[in-house]
Amino acid sequence: MIAALAPFHFERPLWLLALIPALALWLIERRSSDMLLRWQRVIDPALLPHLIVGETRPAILSPINALMAGWLLTTIAVAGPAWQREPSPFAEAKPAVAVVLKVAPSMLTEDLAPTRLDRARQKLADILAAREGAATSLIAYAGSAHLVLPPTPDSAVVLDLAKALAPGIMPREGDDLAGALALADRVLAGTGDGGSILVMTDTAGPQATTGLSGLRSATTILSLLPAEAEVGGLREAAQALGASLVATTADQADVVEIVRRLDRADQAASVAGEGRHWREAGYWLTPLVALLALLWFRRGWVLR
């Protein structure tokens, strides 16, 4: 019990200052209703106890005590006592994922039938189906990076726009992977719940890996190369980012691995975001306040 109450605190401690006037009024009323204190100034102390008839001090169950108790409980309740973390209402929701898709002439190579770009679209469809409801952003890059779609849970729109992408519409040829990751980082920062990046690319030359260090590490790279192809550039990019490199497979093994890694990143983000709010326990005091309020229906309970 002591360990559980160790983080006890008040969310709005300034409300406790309302107890100061309450205590002052209670003391004033107690003094004014005390017969001994009222008459001891004019009657000899030795004679006073023999001249007072009836109770000399206020009863414990009195209007002023009930008012003080109600004031005390209400002030504590409004101050927000808390000692437990409250799970985030979005703890079960999957954070956004920014899909960074390379749209360059090399992606039209047919070593992954029908092409590397088509295979990327197929894998993207499978990933979105496995993570239904997760907000997904789409970024296309070649020599420059461009936001195609901000985070949206509508996977059909993401796939439709991904199918419309082709190297011919990209304004510049090249491999600006660093720029695409920086853009993805800014997009995810706007969601406010973290998230991760999925890069779908076939190559990453020395120019592409420049400036990758310092970018976000919650990144997974899907290699759109045949099993026998050299992935040295992608491996260097993954090492610079601290990212995971997943090879494309003919079955769903790569999709399962990517979804597992994205979900693991989502869980880490949820754990980090969970408990930002404290669970207030002040509402437990409201029944006691209501019971004290019932006492004021008694005949003769008047307080000036």
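Q: Before we get to the loops, what counts as a strand or a helix here?
A: Strands are DSSP runs of E with at least two residues, helices are runs of H or I with at least four, and both are numbered from the N terminus. Keep in mind that this is a predicted model.

Q: Good, so where does S144 sit?
A: S144 is in the loop between strand 4 (136-141) and strand 5 (145-152).

Q: Is S144 buried or exposed?
A: S144 is buried, because its relative accessible area is 11% and buried means under 20%.

Q: Which side chain does S144 make a polar contact with?
A: That would be H146: the two side chains are joined by a polar contact of 2.6 Å.

Q: And which residues does S144 touch, leaving out those up to four places away in sequence?
A: With those left out, S144 touches M170, P171, R172 and D176.

Q: Let's switch to T201. Where is that one?
A: T201 lies in strand 6, which covers residues 196-201.

Q: Buried or exposed for T201?
A: T201 counts as buried, since its relative accessibility is 1%.

Q: What does T201 touch, again not counting residues up to four places away?
A: On that count, T201 touches K102, Y141, I221, L222, S223, L224 and L234.

Q: What about the side chain of T201, which backbone oxygen lies 3.1 Å from a polar atom there?
A: The backbone oxygen of T203 does.

Q: And how far apart are T201 and R116?
A: In sequence, T201 and R116 are 85 residues apart, while in space their C-alpha atoms are 8.6 Å apart.

Q: Okay, surface now. Which residues form a nonpolar patch there?
A: L288, L291, L294 and F297 do, and together they have about 460 Å² of accessible area.

Q: Where does F297 fall relative to helix 11?
A: F297 is in the segment after helix 11, and that helix spans 286-294.

Q: Is F297 buried or exposed?
A: Exposed: F297 has a relative accessible area of 70%, and the cut-off for exposed is over 50%.

Q: Zooming out, how many helices and strands are in the protein?
A: The protein has 11 helices and 9 strands.

Q: What share of the residues is buried?
A: Of the 304 residues in the protein, 37% are buried.

Q: Last one: of contacts between residues at least 6 apart in sequence, what share joins residues at least 24 apart?
A: For this protein, that share is 73%.

Conventions. Residues are numbered from 1 along each chain as its sequence is written. This is a predicted model: local features need pLDDT of at least 70, side-chain atom pairs count only at pLDDT 80 or more; totals for chains, interfaces and linings use all residues. Side-chain values use heavy atoms; hydrogens and water are left out. Patches are made of residues with over 30% relative accessible area and no salt bridge: like charges are joined within 9 Å, nonpolar side chains (Val, Leu, Ile, Met, Phe, Trp, Tyr) within 5 Å. Accessible areas come from the Shrake-Rupley method with a 1.4 Å probe; for residues, only the protein chains shown count as cover. A salt bridge is a side-chain nitrogen of Lys or Arg within 4 Å of a carboxyl oxygen of Asp or Glu. Buried means under 20% relative accessible area, exposed over 50%, partly exposed in between (1.4 Å probe, protein chains only). Contact means heavy atoms within 4.5 Å. A polar contact is a pair of N or O atoms within 3.5 Å; within protein, one must be able to donate a hydrogen and the other to accept it, and residues adjacent in sequence count only if both atoms are side-chain atoms.
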